[in-house]
Amino acid sequence: VTVTTRLLVSHLSGIRHYEKDITKVKEEKEKANRALKLTKPCQDKEQKEKEGKGIEKTDYVKPRKEHEGEAKSCNSKPGRRDKEFEQEEYYLKEKFESVIESLKIFKNDPLFFKPGDQFLYSTYGFTLLSAVVERVSGQKFTDYMLKMFRDLDMLSTVLDDNEAMIYNRARCYVYNKKGRLVNAPYVDNSYKWAGGGFLSSVGDLLKFGNALLYSYQAGQFKNTKGKLLPGYLKPETVAMMWTPVPKTEVSWDRDGKYAMAWAVVEKKQQCGCCRQQRHYASHTGGAVGASSVLLILPEELDSEATDTGLVAPPRGVIVTIICNMQSVSLNSTALKIAREFDKEKRAQ
């Protein structure tokens, strides 16, 4: 078989995630699909309660758990134990000197399916991607990334290295088996730098989101008289990254598809005066003791705005949330915040 970088970046490679047993993976997917159907009565009940209290209707949908977890039930609470985090490999303490060395964790394991046939979220797929970056660039992956973060002025984004003294590093928390809040256990992230090994701040993630949104929109503004600087990436590159890929799925938004390292919801409205689906890109993060989300809601630009040059990119709303608690679903909260700010901007 052939595994391409495009398959890796869209989680279509067949490389396993933390679970080594394909039978269990299939069972969990079936449970998640069944649980998703069961959330419908919860949503209907919540909607009726809102209408009864005179609250404005929304198209809010309770989110499914991050990544491969089951959908939440009506009575579930944020931050409680998640089956995903029962996998032993989340808690590795071995130090790897390079990403090439960390490939030994999974390099001899069989593929779960023929590459390109199915979607399976895989942190190890991104470990392999980081090895590709290391070989192609001729630099250590971590050095390559830190240089990019510096270019983007993300000076608070660093490796999550336990030995290093990192100013203002937050403590992380989990619920133990008895449901009590405790400090998160020690882990060494050198086996998955690309899939969850960096520390950042909301300010830095906003810079990252703005750089991507600027790059995405820069090509749409015409009458700038050469005053508009190019984006960090080409507009067509970001457009490609935010184009849904067939056969993919997104666990944290049923309307979305996976693209290239981003979940994407496309603009859609089937009938007049009915639910309107806005185009946005997002990604959640789940690690031992922490949860996060970065969501980008581009402004729908008309030709007058792009032709006159009176406004400049980035135009839209970017929301990022970082929480030092494990297994907290944040995408729907970020989307509600983004819509509120977008509504205010339109009212102006």
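**Salt bridges and sheet packing in the predicted model**

R16, K20, E89 and D109 are joined in a network of salt bridges, a salt bridge being a side-chain nitrogen of Lys or Arg within 4 Å of a carboxyl oxygen of Asp or Glu. The structure is a predicted model, in which local features need pLDDT of at least 70 and side-chain atom pairs count only at pLDDT 80 or more, whereas totals for chains, interfaces and linings use all residues. Residues are numbered from 1 along each chain as its sequence is written, and side-chain values use heavy atoms, with hydrogens and water left out. By the salt-bridge rule, the count comes to 15.

Side chains of opposite charge can pair when their charged atoms come close. K95 is partly exposed, with a relative accessible area of 37%, where buried means under 20%, exposed over 50% and partly exposed in between (1.4 Å probe, protein chains only).

In a further salt bridge, the closest N and O atoms of K207 and D153 are 3.1 Å apart. K207 belongs to helix α7 (residues 202-217) and D153 to the loop between α5 (141-151) and β1, 54 residues apart. E300 and R278 also form a salt bridge, with their closest N and O atoms 3.3 Å apart. Because E300 lies in the loop between β8 (290-298) and α9 (303-308) and R278 in the loop between β6 (263-265) and β7 (280-287), the pair ties together parts that are 22 residues apart in sequence. E300 is partly exposed, at 35% relative accessible area, whereas R278 is buried, at 9%.

Five strands form an open antiparallel sheet in the order β5-β6-β7-β8-β9, two strands being paired if DSSP finds at least two bridges between them. The edge strands, β5 (257-258) and β9 (316-323), each pair on one side only. Strands β8 and β9 pair in the antiparallel sense over 8 bridges, and the bridge partner of V293 in β9 is I321. Helix α7 packs on the sheet, touching β8 and β9, and its direction makes about 150° with that of β9; contact means heavy atoms within 4.5 Å, and angles run from 0 to 180 degrees between N-to-C directions of axes fitted as lines to C-alpha atoms, for helices over the stretch in contact. Helix α10 (residues 331-347) lies across β7, β8 and β9 and runs at about 150° to β9.

Note on methods: Helices (H or I, at least four residues) and strands (E, at least two) are DSSP runs, numbered from the N terminus.
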